[in-house]
Amino acid sequence: MRNALALLIGGLSLAGCATPMNVDCSPFRTDYAKAVPRSATFAAIQTDVLPPGDGAKSAAEIEADTAAAYANLVGLTLSDMPGLKQSGGGAVLALSGGGQWGAFGAGYLKQLDSKNELPRFRMVTGVSTGALQALFVGAAQAPGQDSGKVLGDLVTEYTIQDEDDVVHRGGYIGAVVRGSVAKLDPLRMKIEKALCSEVPVSPQTAEDCPLIKALGTEGAPVVLLGFVEAGSGEMQAVNVSAIARAAVSPEAEAKLTMTEAQQCITGGALASVAMPFFYQQVQVTSDDPDPAKPGKADPEDAKVTYYDGGVRQSMFLFESIDALARAEAKLAQASGAAAADPARQVYMIRNGPTVAKVDEKADGTRGAIPTAQRGYSLIVNQSEVTAIEAIRLRDDTAEMRVVTADGYDQKFSDPRSQTGGSLICKKQEEDAMFEPGFMDCLQAFGRHKAKEGYGGRPGGWILLTPQSSGTTPETGRADPLVN
């Protein structure tokens, strides 16, 4: 027993020696990564954080703060306004986390696009695996892009031969020493090559990096990737569109080199997937956003650690779509420009199921690791569903729809199959982080939902209705939340 305890203590002490993944992006915190605005309810709950006597803010003050924080996050300036005025645009897309379950979303998006039924988005937000998807969706909808090709590339990213194509996984016990279950080196390489397919190492021009070029094109959707700053615990997002524009826009020439843009976007994407314990820590070396602070002598102080955005929110938008539209209108009015059409539609893709899988062995489980795994899976499941519910409840006017991977374990047909037959998606190795066969099946299920619909709903979209609506437009029956 003493030996085991000594080994555990020794392992815990060695855990501090685990090497985080570091990405260099000097302007990351000063220019591109900002706090995600809190909701009015969130602000009200935290009223007592204010010094005694300051009192709670009024609704108007909270709305003003939200508008200012939104403008700060999105980077709206006079030069940015044209990028939000897209023809036929107006919808917003939120993409959730889910790891290998992102294969479902990839297959779904590609199939929906092939049917010309993918809505036109003015903004795309993503967390974890959803952050990786957001890069491709934003690029696919940039003016002049072949969306089928770009989303086909997205599908390719989720088509793997071996788990080592994405992560280098070790055991759970060994993670005490290593600091995490899996290292992210393969994923970093995949992201860098996806951004700059022509010259993945030290790219020089926009032609070397077609994905970054598309993301920086005027009229492309604004793309935001969410993560948590470990030190402050604050939910933040990086404006990928602003990074791309800084590298490819003629008026922004030399603000960022193409290699710098590649690394800044890679840093944001990796930060968004760095789930503590499971994946290697990610640090972004960046200048301090507080100019009042004296220069730091130790370069290590510039390395800021980030966690997967799912630690706080598995998908995110803002206080409400109305608040978003009002913020844009105020900025447009100040600049003398015409405001973009209000974004009245919200689409959400949950990369995974919404119901926790039944664990028939739970009553007989005594080990610490399987017990922790079960608890973690339940917490994540609740977080994913609550994030969707929170977005719905914050806005009782916008039209909202969600699609999920629910039904993956029931028989379905793959639209691409030439022989017919039916599939059921089932993991062969429960501990696998990225299982090739399971991911292929999830892609097929995504295609199925997009082509065949589900429950008679076009595209498989579930209409989320506000509590005040009384009845749902599609069924006419009373249902306060979903049909």
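Tutor: A nonpolar core here is a set of buried Ala, Val, Leu, Ile, Met, Phe, Trp, Tyr and Cys residues joined through side-chain atoms within 4.5 Å. Buried means under 20% relative accessible area, exposed over 50%, and partly exposed in between, with a 1.4 Å probe and protein chains only. Bear in mind that this is a predicted model, where local features need pLDDT of at least 70, side-chain atom pairs count only at pLDDT 80 or more, and totals for chains, interfaces and linings use all residues. Residues are numbered from 1 along each chain as its sequence is written, and side-chain values use heavy atoms, with hydrogens and water left out.

Student: Okay, how many residues are in the largest nonpolar core, and which have the most contacts inside it?

Tutor: That core has 95 residues, and the ones with the most contacts inside it are Leu 135, Ile 212, Leu 225, Tyr 279 and Ile 349. Apart from it lies another core of 24 residues, including Val 228, Ala 237, Val 346 and Ile 462.

Student: What is Leu 225 in contact with, leaving aside its neighbours within four places in sequence?

Tutor: Taking contact as heavy atoms within 4.5 Å, its partners include Ala 131, Ala 134, Leu 135, Val 238, Val 240 and Phe 316. Gly 126, Gln 236 and Gly 268 are also among them.

Student: Switching to rings. How many aromatic pairs are there?

Tutor: Twelve. Rings of Phe, Tyr and Trp (its six-membered ring) pair if their centres lie within 6.5 Å; planes under 30 degrees apart count as stacked, over 60 as edge-to-face and the rest as tilted. Take Phe 28 and Tyr 306: their centres are 5.7 Å apart and their planes at 65 degrees, so that pair is edge-to-face.

Student: Where do Phe 28 and Tyr 306 sit in the chain?

Tutor: Phe 28 is in helix α2 (residues 28–32) and Tyr 306 in strand β10 (residues 303–308), 278 residues apart. Helices (H or I, at least four residues) and strands (E, at least two) are DSSP runs, numbered from the N terminus. Both Phe 28 and Tyr 306 are buried.

Student: And how are the rings of Trp 101 and Phe 438 arranged?

Tutor: Edge-to-face, because their planes are at 90 degrees, with the centres 5.2 Å apart. Trp 101 is in the loop between β3 (91–95) and α5 (102–114), while Phe 438 is in helix α15 (residues 436–452), 337 residues apart. Trp 101 is buried at a relative accessible area of 16%, and Phe 438 is buried at 2%.

Student: Now charges. How many salt bridges?

Tutor: Twelve, counting a side-chain nitrogen of Lys or Arg within 4 Å of a carboxyl oxygen of Asp or Glu. One of them joins Glu 429 and Arg 169, the closest N and O atoms being 3.0 Å apart. Glu 429 lies in the loop between β12 (399–404) and α15 and Arg 169 in strand β5 (residues 168–169), so the pair ties together parts 260 residues apart in sequence.

Student: Are Glu 384 and Arg 350 buried or exposed?

Tutor: Glu 384 counts as buried, at 5% relative accessibility, and Arg 350 counts as buried at 5% too. Their side chains meet in a salt bridge (3.3 Å, N to O). Glu 384 is in helix α14 (residues 368–393) and Arg 350 in strand β11 (residues 345–350), 34 residues apart.

Student: Which residues do salt bridges that share partners join into one network?

Tutor: Glu 163, Arg 169 and Glu 429.
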